[in-house]
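Thanks for making time this morning.

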Amino acid sequence: MKHRFEQGSDPGAPTLLLLHGTGGNEDDLLPIGRMISPGSSLLGVRGNVLEAGMPRFFRRLAEGVFDEEDLIFRTAELHDFVGEQAEAYGFDRSRVVAVGYSNGANIAGSLLFHYADALAGAVLLHPMVPRRGLELPDLTGTAVFIGAGRNDPLCPPQESEELERLLTGAGAEVALHWENHGHQLSRTEVEAAARWFGERYRD
């Protein structure tokens, strides 16, 4: 997968796996990663799927309707890729925290839904529930920040609340942060994620 790796200054900080929204690339979330954890190594990844020329992490059948077969395949692909890059770049595979926006947040959520050991934590910015009717792995000890917009036309509030319930039910520690905006990222949302991250992962 096309990617960019930037070595961090703090070897004790988790590596951030940066996952863009539809139409983004491996560089999109580097500034946000630096805001959330200035000392972390950053692994920005570009989705392998194209929709009207725009990179995504998995196919969808319509707006808000995921191609579940492709989602499962691409989730496994990303899971394996992160393991390969941990060996290549020498970072701790067990200390990877995903930071995903929109489509990137959905593939990060799918990693949590399918693999107990995929992520040490996640910052999910405007995510949806990746799959329903699935028994989630034990996520005890996994911290998750959900950034949501009360006026988000793509991810309505009940979607974020359902995702919080599902992850909490699997044992994850979930913080749900609301903004009075739509689907766009706001600086206050990223700042809230940075505070949350600092409380859990910085000495």
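Let me begin with the outward side of helix H4, where Gln158, Arg165 and Gly169 are exposed. Please keep in mind throughout that this is a predicted model, so what I describe is computed from its atoms.

Helix H4 runs over residues 157-169, and its 13 residues reach 18 Å from the first C-alpha to the last, which is close to the 18 Å expected at 1.5 Å a residue. Which residues of H4 are buried? They are Glu159, Ser160, Leu163 and Leu167, and, seen down the axis of H4, these buried residues fall within an arc of 95°, so they line one face of the helix. After H4 comes Gly171, whose phi is positive, near 105°.

Thr140 sits in the loop between strand E9 (121-125) and strand E10 (143-149), and it is exposed, because its relative accessible area is 58% and the cut-off for exposed is over 50%. The side chain of Thr140 also joins that of Asp138 through a polar contact of 2.6 Å. Arg165, one of the exposed residues of H4, is 25 residues from Thr140 in sequence and 14 Å from it in space, C-alpha to C-alpha.

Let me turn to the charged pairs. A search of the whole structure finds 16 salt bridges, and one of them joins the side chains of Arg132 and Glu162 at 2.9 Å, N to O. Arg132 lies in the loop between E9 and E10, while Glu162 lies in helix H4, so the pair ties together parts that are 30 residues apart in sequence. Arg132 itself counts as partly exposed, at 44% relative accessibility.

Arg56 or Glu51: which of these two salt-bridge partners is buried, and which is partly exposed? Their side chains meet at 3.9 Å, N to O; Arg56 counts as buried, at 2% relative accessibility, whereas Glu51 counts as partly exposed, at 24%. In another salt bridge, the side chains of Asp67 and Arg59 meet at 3.5 Å, N to O, and here Asp67 counts as buried at 16% relative accessibility, while Arg59 counts as partly exposed at 42%. Arg59 and Asp67 also belong to a network of salt bridges that links them with Asp70, Arg74 and Glu77.

The largest nonpolar core has 38 residues, of which Leu17, Leu19, Leu119, Leu124 and Leu167 touch the most other members. Several elements each supply at least two residues of this core, including strand E2 (15-19), helix H2 (68-89), H3 and H4, and H3 gives the most, with 6 residues. Leu17 touches, among others, Leu43, Val45, Val82, Leu111 and Leu119, again leaving aside residues up to four places away in sequence. There is also a second, separate core of 21 residues, which includes Phe145, Ala193, Phe197 and Tyr201.

To return to where we began, Leu167 is both one of the buried residues of H4 and one of the residues that touch the most other members of the largest core.

Key. Residues numbered from 1 in each chain as written. Predicted model: local features only at pLDDT ≥ 70, side-chain atom pairs only at ≥ 80, totals over all residues. Heavy atoms only, no water. Helix = DSSP H or I, 4+ residues; strand = E, 2+ residues; numbered from the N terminus. Buried < 20%, exposed > 50% of the residue type's maximum accessible area, 1.4 Å probe, protein only. Polar contact = N/O pair within 3.5 Å; in protein donor to acceptor, adjacent residues only side chain to side chain. Expected span 1.5 Å × (residues − 1). Arc of directions from axis to C-beta. Salt bridge = Lys/Arg side-chain N within 4 Å of Asp/Glu carboxyl O. Core = buried A, V, L, I, M, F, W, Y, C linked by side-chain atoms within 4.5 Å. Contact = heavy atoms within 4.5 Å.
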